[in-house]
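Biologist: Please show me the model, and then let us go through it by question and answer.

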Amino acid sequence: MTPRNAPSHAGFWAALPRPIYALAPMADVTDAAYRRLIARLGKPHVMFTEFVSADGLCSAGRDNLLINLMYHPSERPIVAQIFSATPEHVAKASILLRELGFDGIDINMGCPDKNVCKQGAGSSLIRTPDLAKELILAAREGGHGLPVSVKTRVGYNSVATDEWVGHLLEVSPAVITLHLRTRKEMSKVPARWERVHEAVALARGSGTLILGNGDVRDLDHADELAAATGVDGIMLGRAVLGNPWLFDRSRKGTGVPFSERLAVAREHALLFEDLFGVRKNFAIMRKYLRAYFAGFPGAKDLRIRLEHISSADDVCNLLGHIGFEHAVE
């Protein structure tokens with residue numbers, strides 16, 4: 001598919017093939033360790049970091065947040081996602097992101113978390129469109145040439161796609177990614193893919209790309225959605241948990257042999273410990289490991305045993321034992 005004409009601040013986005021397939025930013029999921037694994041096993045067109053507080057990056061606690069901005073060259077193009085309701089902080093954080101070598105900056109305007117919304121950030125920005133536009137302009141100023149994108153929702157309490165996307169288009173972000181639910185709906189209802197047509201129509205000819213997000217199962221499903229809706233790309237999120245092969249068209253995650261899953265799970269645990277040490281709680285690894293082996297014989301028993309792991313050695317010992325049991329069977 002031929003890319004639309006892009007504005008001068010589109011950056012790397014202008015050169016990506018269409019439809020674009022992106023890895024969603026997800027807290028405690030798409031961290032540096034997992035992204036590096038995904039980049040090796042099935043790399044998407046573009047990757048995003050976990051979201052990081054721009055306010056925090058402008059505070060004395062900045063160094064504690066830099067762990068969430070680690071990345072490896074194999075992940076490029078890599079976009080840093082930040083959240084804030086303070087334009088000055090977004091501008092300063094964007095200067096830092098440029099210095100760190102990121103390929104783009106994304107502003108989170110869709111997080112439904114109560115604590116984030118209380119700050120006036122995340123999906124609360126849907127209710128304050130003038131502030132949202134200021135944040136985009138501030139990121140563009142601080143990023144000094146880096147493309148600025150937005151990840152948001154189709155509304156706060158009710159669907160307001162036309163009005164909300166119309167406001168954002170006034171300041172020409174490089175990309176608008178729409179999670180196709182309202183903030184009120186959280187993830188409790190199916191994604192409203194019929195609503196993305198409105199955004200696509202509004203953005204036509206503007207140079208701003210529209211990506212859709214929500215309930216996307218795999219690349220085949222993404223292909224269908226892109227063809228049916230006319231979006232410039234699809235962002236996949238939860239489907240990647242336990243399936244770092246998600247973006248590899250030659251592999252189907254459910255068809256990956258058990259022995260390979262064991263090897264990748266070990267690699268993941270070792271990489272997590274190597275990159276983060278004690279700075280991240282190793283217990284975070286449990287959800288990845290549960291997901292790697294969901295649906296396999298003995299998965300329930302494995303989940304119980306996983307509740308006691310606290311190090312990469314624990315994982316290697318446990319998975320070695322499980323691998324032996326599986327081989328005997």
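Modeller: A salt bridge here is a side-chain nitrogen of Lys or Arg within 4 Å of a carboxyl oxygen of Asp or Glu. This is a predicted model, where local features need pLDDT of at least 70, side-chain atom pairs count only at pLDDT 80 or more, and totals for chains, interfaces and linings use all residues. Residues are numbered from 1 along each chain as its sequence is written, and side-chain values use heavy atoms, with hydrogens and water left out.

Biologist: By this rule, what does the count of salt bridges come to?

Modeller: Side chains of opposite charge can pair when their charged atoms come close. With the rule applied, the number of salt bridges is 14.

Biologist: How far apart are the closest N and O atoms of K133 and D130?

Modeller: Both residues belong to helix 6 (residues 129–143), where, because they are three residues apart, about one helical turn separates them. Helices (H or I, at least four residues) and strands (E, at least two) are DSSP runs, numbered from the N terminus. In the salt bridge between K133 and D130, the closest N and O atoms lie 3.6 Å apart.

Biologist: Is K133 buried or exposed?

Modeller: Buried means under 20% relative accessible area, exposed over 50%, and partly exposed in between (1.4 Å probe, protein chains only). D130 has 52% and is exposed. K133 has 12%, so K133 is buried.

Biologist: Which residue is linked with D130 and K133 in a network of salt bridges?

Modeller: K133 forms a salt bridge with D130. The network that holds these two also includes E170.

Biologist: How many residues apart are R181 and D215?

Modeller: The side chains of R181 and D215 form a salt bridge at 2.5 Å, N to O. R181 is in the loop between strand 6 (175–179) and helix 8 (196–203), while D215 is in the loop between strand 7 (209–213) and helix 9; the pair links distant parts of the chain, 34 residues apart.

Biologist: In what order do the eight strands close into a barrel?

Modeller: Two strands pair if DSSP finds at least two bridges between them. Strand 2 (residues 46–53) and strand 3 (residues 78–83), for instance, run parallel and are joined by five bridges. The pairing in the barrel is parallel, and the order is 1-2-3-4-5-6-7-8.
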